[in-house]
Amino acid sequence: MPIIGRVIATESSPTTIEKFTFWTSSDLPIHVFDVVKVEHIANSITFGSVENISHITDSQSPLSSYISSDFGSLKAKSAIKRISFNCVEVSVLINTKNFYTPVHDNAPVSLASPQEINIALGIDKIQNPLICGSVTMYAGTNYQVTLPVKLDSKYLLGPEGAHLNISGISGLAAKTSYSMFLLRAIQEQLNGESVAFVIFNVKGRDLMAIDKPNDELTSQERKRYNILGMSAKPFENVSYYIPYSTTKSSSYLPESDINEYISGEKLKKFLYTYNDDREKIDLLFTDIEDSSMTVEAIISKILDPDDPDFNKRKKASEKIESWSVLLKLLKNFTLVKSDKSKIPLADDSINIFSWRKFYMLINTMLKNDEMFYSDSKFPDNTCRLENELTQIKAGEVKVIDISKLDTSKQAFVFGDVLRTIYNLKLGSYQDATPPAKIIIFIDELNKYASKDVARNSPVLRELLDVAERGRSMGVILFGAEQFRSAIHPRITGNCATNAYGRSNSSETSNHDYNNFSGIYKSLLTRLEQGEYLIQNPLFRNLLRIQFPRPVYKQFKD
């Protein structure tokens with residue numbers, strides 16, 4: 001590869017073990033993240049990544065340039081031929097013989113070959129390769145090259161590291177598209193491993209046809225998939241789940257599509273019954289700050305098998321077997337004492353105002369919502385998510401549609417799924433043999449794991465358990481949000497891989513981006529759709545990767 005410049009080492013700007021600068025032609029297209037190499041001592045080579053580029057002339061001041069242009073004439077040509085060149089700042093990545101002494105003044109700087117680029121970036125010896133995109137080097141030159149980038153799946157799915165966090169502006173960052181690109185790569189390229197997927201659809205119909213091909217992919221886009229070693233085929237072995245309802249649509253899917261999916265045995269409607277799901281009541285109060293612990297006390301009373309008011313009823317006809325009966329009984333606790341004379345209750349230890357608040361909250365959640373099912377017989381094509389998830393098999397993809405639920409019910413369903421999978425991997429379900437890895441993908445993670453979520457939130461507790469202990473059990477979280485800085489630090493801190501999409505300057509000014517140089521922060525505000533900065537323990541530097549459009553059907557709305 002050609003020599004493009006030489007190292008500069010001056011008294012005011014010396015080379016160091018971390019950085020060096022070199023001069024090059026001002027006409028050479030060179031870009032941030034391009035890899036260059038420098039010949040060093042003992043026939044070693046030092047590789048570096050371009051961090052910044054400056055254009056320098058021999059003009060001593062702006063006034064000199066102004067005067068040389070006929071005192072500011074816009075039409076005049078400069079009377080002086082300026083000496084000019086580009087000064088390129090480089091961050092050292094690696095030396096081939098581990099000689100981390102500063103590179104020498106006037107040492108030749110060259111472009112790197114494709115093989116050398118892989119060595120420099122730390123992706124030449126990946127043990128368990130999984131494609132995560134491609135990098136383009138030296139764009140606009142005769143030496144432009146595009147290379148597939150693979151990360152080590154053991155650092156994404158465990159046991160070495162786990163979890164992925166993706167951040168960026170809604171729409172412009174294409175967070176869902178990149179998440180699904182990685183998930184499809186895992187399903188296709190790691191098909192010899194025991195991995196299953198649980199995906200939440202939180203926006204419209206976005207992910208409700210991931211097993212149908214994207215007919216709008218161009219031949220060039222299909223070629224990109226081929227270069228990456230992927231087939232451009234949609235997801236396989238997919239099942240869909242929507243909330244149960246008979247009176248209104250519970251999904252943005254058209255009724256015709258719902259019927260088609262049901263007839264093809266690809267879709268079921270999920271529901272919750274009191275007898276089977278009563279222990280999940282705490283998940284209904286995810287957004288409630290319970291500093292006095294009264295909500296927790298009432299829930300404990302409801303779940304206590306020896307409680308005389310809720311579970312040790314004297315008459316069999318008074319036994320609580322449905323959500324509607326529970327609501328009726330709870331209402332009794334909201335009455336003043338004189339009204340309770342005909343409805344004797346064993347326990348009056350909790351303040352009536354606490355009962356009223358509790359009843360108001362749970363009544364709002366349960367009343368007139370068919371997802372909380374009160375009959376004893378299940379309708380056709382319905383299920384409990386817990387039953388479905390405990391039978392999940394390797395290679396299966398479960399898409400759970402919560403897009404039409406309000407925020408509290410979305411949190412309830414998400415918390416239920418997290419808890420079920422966590423308990424499944426703990427061995428809490430007899431005769432269940434779960435896959436080695438179960439990946440859970442959720443967009444809008446900020447709804448459940450932001451710094452502002454109530455500290456006693458049961459969903460946050462489940463998320464923290466998954467983030468901190470899920471790696472050892474094979475429960476892997478893929479989370480996406482607009483603003484990484486808003487997410488609980490114990491969750492982002494446990495993500496081994498991070499993807500940064502297009503953001504804004506107010507976001508990059510937060511402390512989460514303190515380890516980014518000024519130029520990297522600036523680049524984050526200018527990334528295109530289909531571009532991400534990727535951070536992984538095995539990469540020696542942030543990588544600017546690109547990925548193609550999704551392989552599954554895209555909806556216009």
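**Rings, cavities and one threonine**

Modeller: Start with a cluster: ring pairs link Phe270, Tyr272, Tyr274, Trp323, Phe372 and Phe412. Keep in mind that this is a predicted model.

Biologist: How many aromatic pairs does the count come to?
Modeller: The count is 26 aromatic pairs. Take Phe200 and Phe414: their ring centres are 5.2 Å apart and their planes are at 85°, so this pair is edge-to-face.

Biologist: Where in the chain do Phe200 and Phe414 sit?
Modeller: Phe200 is in strand 10 and Phe414 is in helix 11. The pair links distant parts of the chain, 214 residues apart.

Biologist: Is Phe414 buried or exposed?
Modeller: Phe414 is buried, at 0% relative accessibility. Phe200 is buried too, with a relative accessible area of 1%.

Biologist: What about Tyr244 and Tyr373, how do they pair?
Modeller: Tyr244 and Tyr373 are edge-to-face, 5.6 Å centre to centre with 90° between the planes. Tyr244 lies in the loop between strand 11 and helix 5, while Tyr373 is in strand 14, so the pair ties together parts 129 residues apart in sequence.

Biologist: And why does Tyr244 count as buried?
Modeller: Its relative accessible area is 10%, and buried means under 20%. Tyr373 has 11%, so Tyr373 is buried as well.

Biologist: New topic. How many cavities of 30 Å³ or more are there?
Modeller: Four, from a search of the whole structure.

Biologist: Which helix gives the most to the lining of the largest cavity?
Modeller: Helix 3, residues 175-189, with four residues. The lining residues include Ser177, Met180, Tyr225 and Pro550.

Biologist: How does that lining divide into nonpolar, polar and charged?
Modeller: Eight residues are nonpolar, one is polar and one is charged.

Biologist: Arg184 and Phe235 are both in that lining. Where does the charged end of Arg184 sit?
Modeller: Over the ring of Phe235, 6.0 Å from its centre. Elsewhere, the charged end of Lys266 sits over the ring of Tyr261, 4.6 Å from the ring centre.

Biologist: Last one. Where is Thr508 found?
Modeller: Thr508 is in helix 15, residues 505-508. At 4% relative accessibility, Thr508 counts as buried.

Biologist: What does Thr508 touch, not counting residues up to four places away in sequence?
Modeller: Thr508 touches Ser503, Tyr513, Lys521 and Leu524.

Terms used: Residues numbered from 1 in each chain as written. Predicted model: local features only at pLDDT ≥ 70, side-chain atom pairs only at ≥ 80, totals over all residues. Heavy atoms only, no water. Helix = DSSP H or I, 4+ residues; strand = E, 2+ residues; numbered from the N terminus. Buried < 20%, exposed > 50% of the residue type's maximum accessible area, 1.4 Å probe, protein only. Contact = heavy atoms within 4.5 Å. 1 Å grid on protein atoms, 1.4 Å probe; cavity = no way out; pocket = protein on both sides within 12 Å on 5 of 7 lines; lining within 4 Å. Points joined across faces, edges and corners; volume = space filled by probe spheres on them. Nonpolar A, V, L, I, M, F, W, Y, C, P; charged D, E, K, R; others polar. Phe/Tyr/Trp six-rings, centres within 6.5 Å; stacked < 30°, edge-to-face > 60°. Lys NZ or Arg CZ within 6 Å of the ring centre and 35° of its normal.
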